[in-house]
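These entries record what I looked up, in the order in which I worked.

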Amino acid sequence: MTRLTHREIMTAIVAAVALAVAATLPLFDQGYYLSLSLNMVMYAALCTAWTLFSGPTHYVSLATAAFFGIGTYTVGLGLDHMPFPLLVLTGCAAAAILAGLVGAATLRISGVYFVIFTFGLAELIRQIVSYAQIKLTGKMGLYVFTDFTEKHVYWMLLALTGVVFLTGWLINRSRLGFAMQIIGNDETVAKHSGIDTARLKIVLFMISGAFIGMAGAILAPRYPYVEPPAAFTPMTSFLVVIMALLGGTRRLWGPLIGVIPFMLLMDFISVRFPNDTSIVMGIAFLVIVYLLPDGITGRLEQLWAYLKKPQTQPQPVTAEERA
Amino acid sequence: METIVTGILLGGTYALISIGLTLQYGVARIMNLANGETFVAACFVAFWLFTSYAVNPLWGILIIAPAAFFVNWGIYSLLLRPLVDRAKNQGMLEVDSILATFGLLFLFQGLMLRGFGGAYTSYQFLADRFDILGTFYGLNRVVAFGAACVIAAALYLFLYKTRYGTAVRAVAVNPNSAKLVGIDVAKAAALAFALGGALTACGGTLLSTFYSFNASMGVVFTMKALIIVIMGGVGDVRGAVIAALILGVAETAVARLIDPGLTLAATYALFVLVLLFRPQGIFGRQQA
């Protein structure tokens with residue numbers, strides 16, 4: 001570990017202030033704005049956790065809904081038997097174990113198998129959970145009665161988001177982060193430098209899955225009644241992919257840039273055109289692929305590089321241009 | 001026995017959508033996640049032709065398949081070709097094509113929800129019973145299976161007995177070497193993609209004769225087809241057919257013997273077995 005630079009300390013202070021300001025929101029509003037901000041913080045946590053794995057590896061993971069649902073369901077199942085913080089940790093562990101199993105089955109082979117496997121994972125877990133619950137208890141769905149209100153969920157999520165950011169930053173400074181960077185650039189090179197690529201990918205996927213499971217667990221008290229189709233809705237996975245890529249996955253704070261405008265858009269759409277959310281999501285995917293391949297942050301960085309370049313002086317011809 | 005026959009009859013339809021997908025992914029190198037939407041769109045067009053104009057779905061295929069061919073040709077040339085051209089390597093193309101076809105998936109699904117609503121739809125076609133070895137099966141299922149066999153056989157003849165078909169198979173094996181022997185790879189890829197769309201549409205049309213469908217079920221079929229394609233080996237038509245039949249039987253068996261809500265679990269169990277023991281597919285060769 002190297003010492004913190006001046007810039008890193010400044011970033012940490014700005015981030016801490018931003019978190020503190022965001023935390024005061026429930027003091028001003030307990031209705032619509034809190035609800036909207038809660039959704040934003042939830043997706044900020046999910047998208048950042050998603051990017052921890054999918055950013056460096058470029059593997060499009062659609063397992064978010066599965067991890068999220070497992071977290072939610074763990075809380076629903078255990079509420080009568082265990083204290084809430086312990087349940088959140090259990091949900092987190094359950095999601096990590098699932099991520100480990102999925103990773104072990106698919107991440108040793110090529111990335112396509114991983115995408116296909118995660119594509120149906122949420123639906124698979126939903127079927128198994130529904131089947132097991134009906135067989136064992138004879139009923140569907142769970143009641144989640146807690147003393148938590150929306151503002152408590154909001155604060156917990158905000159704290160989680162902070163932890164995810166901190167973890168992401170620590171990973172980037174660690175050997176794991178350095179190795180992932182090499183894997184992302186060229187996997188063959190990574191293998192030849194003695195990096196156990198499959199194992200590192202699995203570890204990173206488990207970290208990412210654990211945070212998503214934790215977010216699902218924290219969200220459980222928001223709904224008094226939880227049933228499998230709602231807890232495991234595949235929409236969660238797709239929205240996370242859209243928002244994370246919209247923001248850009250090269251920077252830790254990239255997904256955050258995607259979450260805020262897209263949540264506002266979805267909020268507007270779901271009020272005005274409630275039946276057309278799929279069309280909007282379809283267009284969002286196409287916009288990302290054709291217009292924003294590196295996300296909004298990628299475009300901003302291009303713009304920044306362009307502005308920083310001295311415009312008036314003639315550019316020297318580089319060897320590449322000459323060739 | 002009854003389970004096996006029902007499973008095989010269902011597998012016939014799965015085979016068509018999977019052959020479609022394996023052509024698109026194996027030859028054109030596009031993992032088309034919107035394939036299920038072509039499938040569902042064909043169901044709706046068949047339904048519309050049957051109820052509005054009393055067109056027999058089997059004749060309807062003659063309209064639906066060429067239409068799907070041209071639509072898919074257009075999608076490939078306009079939207080996916082630019083991605084192929086800009087991709088620096090196979091990995092980038094995979095990510096781009098996955099995201100682009102997700103876009104198409106949601107766009108088409110949204111448009112179909114607008115057009116037809118979210119309710120389950122079905123129509124009565126050949127709802128008689130048919131005797132196989134002393135047990136009765138729906139005549140429409142048997143006819144659909146027969147039609148699927150005819151279509152698959154025609155495709156087989158095309159791929160293995162004509163020059164165009166040989167070119168398509170050559171691109172599936174290795175696009176770079178195919179270029180060296182004078183094959184227009186871009187054209188063969190577009191042809192394979194369009195052909196894959198047409199076959200998928202045939203599958204959809206046949207399914208609509210015996211199955212109730214709705215606008216948002218395409219994803220489920222895409223998922224099953226993807227798993228079949230991996231099981232059979234990417235780009236391998238024979239493998240896709242056999243894997244489809246295995247999946248049809250496995251699903252029917254689980255639905256009958258354990259619980260109809262666990263069909264996807266059956267699919268995944270097969271998928272995990274393939275991943276652990278033969279990741280290259282049933283007929284696939286070991287990659288170096």
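This is a predicted model: local features need pLDDT of at least 70, side-chain atom pairs count only at pLDDT 80 or more; totals for chains, interfaces and linings use all residues.

Entry 1. I examined helix H2 (residues 35–53) of chain B against helix H3 (residues 57–86) of chain B; their axes come within 10 Å and cross at roughly 140°. Angles over 145 degrees count as roughly antiparallel and 65 to 115 as roughly perpendicular, so I recorded H2(B) as oblique to H3(B).

Entry 2. H2(B) contributes B:Thr38, B:Ala42, B:Val45, B:Ala46, B:Leu49 and B:Phe50. From H3(B) I noted B:Pro57, B:Gly60, B:Ile63, B:Ile64, B:Ala68 and B:Asn72. Sorted by class, the contact of H2(B) with H3(B) holds nine nonpolar and three polar residues, and no charged ones.

Entry 3. Next I turned to the contact between the chains, to which chain A gives 29 residues and chain B gives 32 residues. Which helices of chain B each supply at least two residues of the side that touches chain A? I found helix H4 (90–116), helix H9 (218–232) and helix H11 (263–277). H4(B) provides the largest share of that side, 18 residues. I classed the residues of the side of chain B that touches chain A as 23 nonpolar, five polar and four charged.

Entry 4. Within H4 of chain B I selected B:Leu107. Is B:Leu107 buried or exposed? The cut-off for a buried residue is 20 or more other C-beta atoms within 10 Å; B:Leu107 has 21, so I marked it as buried. Setting aside neighbours within four places in sequence, I found B:Leu107 in contact with A:Ile279, A:Gly282 and A:Ile283. I also looked up the C-alpha separation of B:Leu107 and B:Ala240, which is 28 Å for residues 133 apart along the chain.

Entry 5. I closed with helix H15 (residues 277–290) of chain A, which has 14 residues. From first C-alpha to last, H15(A) reaches 20 Å, close to the 20 Å expected at 1.5 Å a residue. Its buried residues are A:Ser278, A:Val280, A:Met281, A:Gly282, A:Ala284, A:Phe285, A:Ile288 and A:Val289. Among the elements that cover the buried residues of H15(A), I noted helix H13 (235–247) and helix H14 (254–272) of chain A, together with H4 of chain B.

Methods:
Residues are numbered from 1 along each chain as its sequence is written. Chains are lettered from A and ligands numbered from 1 in the order in which they are written. Two residues are in contact if their C-beta atoms, placed from the backbone, lie within 7 Å. Helices (H or I, at least four residues) and strands (E, at least two) are DSSP runs, numbered from the N terminus. Ala, Val, Leu, Ile, Met, Phe, Trp, Tyr, Cys and Pro count as nonpolar, Asp, Glu, Lys and Arg as charged, and the others, Gly among them, as polar. The expected span of a helix is 1.5 Å times one less than its number of residues. A residue is buried if 20 or more other C-beta atoms lie within 10 Å of its own, exposed if 12 or fewer, and partly exposed in between; C-beta atoms are placed from the backbone. Axes are lines fitted to C-alpha atoms, for helices over the stretch in contact, and angles run from 0 to 180 degrees between N-to-C directions. Angles under 35 degrees count as roughly parallel, over 145 as roughly antiparallel, 65 to 115 as roughly perpendicular and the rest as oblique.
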